[in-house]
Every structure is written in C-alpha cells, then in structure tokens.
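Please read the briefing below alongside the sequence and the 3D view.

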Amino acid sequence: MREDRTGSEREFCGRSGFRYLKGEYINMKKQRKLLLALTGICILLLGGCGQGQKLGEAFAEEVNTLEGAALRVDQASPTGISFTIQNQTDKDLSYGQDYHLQKQKDGTWYVLEPENPVAVTLEMLWLPAGGEEAMTVEWKDSYGELPKGNYRFVKNFSDEESGYYLAGEFTLE
C-alpha cells in the first residue's frame, strides 16, 4: 500500500489489473474496453455527418398515374421547393402535408433518407375537382442542403377509390 499526493491509499496488482481505490475494485481492462467502445460509437455517429445525402431503397412504385392530376415544380432550390397541384379530374382529391424526396442515380429513383425526421402536421387537405393549389416546402431542417443532381418531390393523394403518388422532377445544378 502506498499513499498518493492526496493521502489516499492505493494498491495495484500488476498481473490482475485491479486497483484498490477508496474501497472499490476497478478492473482496468474493462475500463479500457468500455472507453474504446464508447469512442467507437461516437465515431460511428459523427462519421455520417456532412458526408452528403444517403440513398435508401429503390422506389419501385409508379408515379403520376392519375390522369388529369399533376404536381408541377414551379421553383426548386437546395433547401426547398414551390409547386402547384392541379386536379383536372372529376373527383375530389385528399392529401396531407407529408412528402418525401427521391434522387435519381444511374437511371433509378431512390428514396432520399432525411438527416432528421420530417416534421409535418397531420391535417387532411382537399383539392376539389377542377381545382389548383400552390404550395411551398422548406426541407433544410429535414434533408439539409441538397447537392447537385436530379430529384423528385413526391406526395401521396387519394380519391374515393385508390391512392396515388404525384411527383414533380427538378434538377439542381
């Protein structure tokens, strides 16, 4: 037993790696493993930051199949979009505030994974037959700033019979 500068008694067993400190045994090997594991987790969590957009699964569903309904992109930037929904059908369409973005890579559309959850209200919106609605969406908090590429802005719509995806394509240069 030795006293350190603070007057505490400590004992160290070189082979076992145990140290006696204020009545508790601490396994030094376990401490090192825990520290390495926590460091690795931090590296994994921070490693994805700032490395661009992550592509999810390929999007295999068909879009723009409802004849007479369209989502037209009016203006797009790396952080948001202005678009117009046109309903030239004879049915009322319902939709919500939800949306997702897709990115085209090698001729295939992939769902773009948001950096943070997309926060929207859960209200049901209606677009009557023959109607038109202009909207703006800012996604900087969810998707960040998009790099150059070909994208699609996709929303879900439904009538009394089915659900549909309407999409508007845009290119960021």
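Asn64 counts as partly exposed because its relative accessibility is 39%, where partly exposed lies between buried (under 20% relative accessible area) and exposed (over 50%), computed with a 1.4 Å probe and protein chains only. The model is a predicted one, in which local features need pLDDT of at least 70 and side-chain atom pairs count only at pLDDT 80 or more, while totals for chains, interfaces and linings use all residues. Residues are numbered from 1 along each chain as its sequence is written, and side-chain values use heavy atoms, with hydrogens and water left out.

**Loop residues with positive phi**

- Asn64 sits in the loop between β5 (54-58) and β6 (69-77), and its phi is near 55°, a positive value in a residue other than glycine.
- Asp106, found in the loop between β9 (100-105) and β10 (108-113), also has a positive phi, of about 55°, although it is not a glycine.
- Asp106 is classed as exposed because its relative accessible area is 74%.

**The chain as a whole**

- The chain has two helices and 14 strands, these being DSSP runs (H or I of at least four residues for helices, E of at least two for strands) numbered from the N terminus.
- Of the 173 residues in the chain, 30% are buried.
- Among contacts (heavy atoms within 4.5 Å) between residues at least 6 apart in sequence, 66% join residues at least 24 apart.

**The largest nonpolar core**

- The largest nonpolar core holds 25 residues, and Phe83, Trp139, Leu146 and Phe153 touch the most other members; such a core is a set of buried Ala, Val, Leu, Ile, Met, Phe, Trp, Tyr and Cys residues joined through side-chain atoms within 4.5 Å.
- Two or more residues of this core come from each of β6, β7 (80-87), β8 (93-95), β11 (125-127), β12 (132-138), β13 (149-158) and β14 (163-172), with β14 giving the largest share, four residues.
- Leaving aside neighbours within four places in sequence, Phe83 is in contact with residues including Leu71, Val73, Met135, Val137 and Phe153, and also with Arg72, Asp74, Glu133 and Lys155.

**His100 and its surroundings**

- His100 lies in strand β9 and is classed as buried because its relative accessible area is 18%.
- The side chains of His100 and Gln102 are joined by a polar contact of 2.9 Å, a term for a pair of N or O atoms within 3.5 Å in which, within protein, one must be able to donate a hydrogen and the other to accept it, residues adjacent in sequence counting only if both atoms are side-chain atoms.
- Not counting residues up to four places away in sequence, His100 touches Phe59, Val111, Tyr143, Arg152, Phe153 and Val154.
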